[in-house]
Amino acid sequence: MSCSSSSSGSEEDDEGIDSYRKGGYHAVRVGDPFNSGRYIAQRKLGWGQFSTVWLAYDTHSSKFVALKIQKSAAQFTQAALHEIEVLSVITNGDPSNSNCVVQLIDQFKHSGPNGQHQCMVLEFLGDSLLRLIRYNRYKGLKLNKVREICKCILTGLDYLHRELGIIHTDLKPENILLVSTIDPAKDPIRSGLKPIIERPECNLNGGSTMSIIEKKLKRRARNAVAKISGRRASMGGALQNSERCLDGIDMRCKVVDFGNACWADKQFAEEIQTRQYRAPEVILRSGYSFSVDMWSFACTAFELATGEMMFAPKDGQGFGEDEDHLALMMELLGKMPRKIAIGGAQSKEFFDRHGDLKRIRRLKFWSLDRLLVDRFKFAETDAKEFAEFLSPLLDFTPEKRPTAQQCLQHPWLNLSSSTGKKMTNEADVENLDAGMSKLHV
């Protein structure tokens, strides 16, 4: 969980107070002061497995920030200290804040009823790319928008890899945040939010209940959600088929969440990356480097452009998720070179000595550009150009994948003629072909 204004988990506040969960979460109330009163809690942005994130007001700089409060258990404190170490290096190396990576503003310890919590203060950012994909109803963004986002991600990765020697190890849409919120009303600056400086008064009995106003607002919010859910149900699939206008949304973004990051020469975990964005060398346990982030980047770019994950492996009869994942890779990218297939510590689990999968024998091959055209209705030219950009990043041989710096020089990122529109039916393709024939004559 990072400094996002939208959590991957659902809000489960109990009357505005963080519920106590296993491992030592800290109960926070609106108006609570932190770090000797410098930071004042405003509202909860979200929560993750190891921390909660609050919008806070920095009384020293008069700015809104994201306050990440780690669980108090020892293992979580250690993880937080590691993340602070990585973020400090990132921030110190980027004084102009121009490398598309989140900045650490401050860090401190906070004592609560459950123990001591390590806290991080990060710059306030907007919604995650996953939220953007969902907001766009999984339709896929137009390619000019995808290009804008890709340039930012690659700028961040180039800085991490080439200048700092850091591997992110968990790049995915949830861990890339827009610089501002999709909805201006949720942005404290654009909405003109007036900061809360003091905690709202408790009831006369000294209990920790919410104020009457807060309770009313919460009731209204619940009623509004119920009404919206009812409307959605009555509309059926109509809502799903309509596309949203993304004009006006700032596509600039930053790479966040460095809890699992490591230095290339100081790795501490063999199993890295979220399943769908995991590189083949990680599954096979054949060692990894910066190129694992490039694989994850390609998967993320594909998801932005199509609205669907590139690989979504599942267990099957007689085979597991890992083997299905490898099979899906080969169906899209071609047969894995034997040297790569049998070169990992886990290779014997999945491959025979010839480099063929043991339990999944019949593969259905489908090239990336044909997938984009046939399944996602891309124009032929757009599909070819996008596939040419992604394919080298998905090379089974990690050393052959281009670096972030090389990707930034790729012609696809600088295309302006491509509209990014998708063909809606075969007639569109035929009309385009006819027009091209006349142009040629």
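Student: Which side chain does the side chain of Lys-68 make a polar contact with?

Tutor: With that of Glu-83, at 3.2 Å. Keep in mind that this is a predicted model.

Student: Where is Lys-68 placed in the secondary structure?

Tutor: Lys-68 sits in strand β4, which covers residues 63-70.

Student: And why does Lys-68 count as buried?

Tutor: Because its relative accessibility is 3%, and the cut-off for buried is under 20%.

Student: Which UniProt annotation covers Lys-68?

Tutor: The unreviewed UniProt entry lists "binding site" for Lys-68. That comes from the record, and such annotations may be inferred rather than shown by experiment.

Student: Okay, zooming out. How many helices and strands does the protein chain have?

Tutor: The chain has 14 helices and 10 strands. There are 441 residues in the chain, and buried ones make up 48% of them.

Student: Now the inside. Which residues have the most contacts within the largest nonpolar core?

Tutor: Those are Ile-90, Phe-258 and Phe-297, in a core of 92 residues. Helix α3, residues 143-164, gives the largest share of this core, with 11 residues.

Student: What does Ile-90 touch, leaving out residues up to four places away in sequence?

Tutor: Ile-90 touches Val-101, Val-102, Gln-103, Tyr-159, Leu-160, Leu-164, Ile-166 and Phe-258. There is also a second, separate core of 13 residues, and Val-28, Ala-41, Val-65 and Leu-67 are among them.

Student: What share of the contacts join residues at least 24 apart?

Tutor: It's 67%, counting contacts between residues at least 6 apart in sequence.

Student: Switching to helix α8: how far does it reach from its first C-alpha to its last?

Tutor: Helix α8 has 13 residues, 321-333, and reaches 18 Å, close to the 18 Å expected at 1.5 Å a residue.

Student: Which residues of α8 are buried?

Tutor: They are Glu-323, Asp-324, His-325, Leu-326, Ala-327, Met-329, Met-330 and Leu-332.

Student: And what do the buried residues of α8 pack against?

Tutor: Four helices: α6 (280-284), α7 (291-306), α10 (347-350) and α11 (368-374).

Student: Last one: which residue takes a positive phi just after α8?

Tutor: That's Gly-334, with a phi of about 95°.

Definitions and conventions: Residues are numbered from 1 along each chain as its sequence is written. This is a predicted model: local features need pLDDT of at least 70, side-chain atom pairs count only at pLDDT 80 or more; totals for chains, interfaces and linings use all residues. Side-chain values use heavy atoms; hydrogens and water are left out. A nonpolar core is a set of buried Ala, Val, Leu, Ile, Met, Phe, Trp, Tyr and Cys residues joined through side-chain atoms within 4.5 Å. Buried means under 20% relative accessible area, exposed over 50%, partly exposed in between (1.4 Å probe, protein chains only). Helices (H or I, at least four residues) and strands (E, at least two) are DSSP runs, numbered from the N terminus. Contact means heavy atoms within 4.5 Å. The expected span of a helix is 1.5 Å times one less than its number of residues. A polar contact is a pair of N or O atoms within 3.5 Å; within protein, one must be able to donate a hydrogen and the other to accept it, and residues adjacent in sequence count only if both atoms are side-chain atoms.
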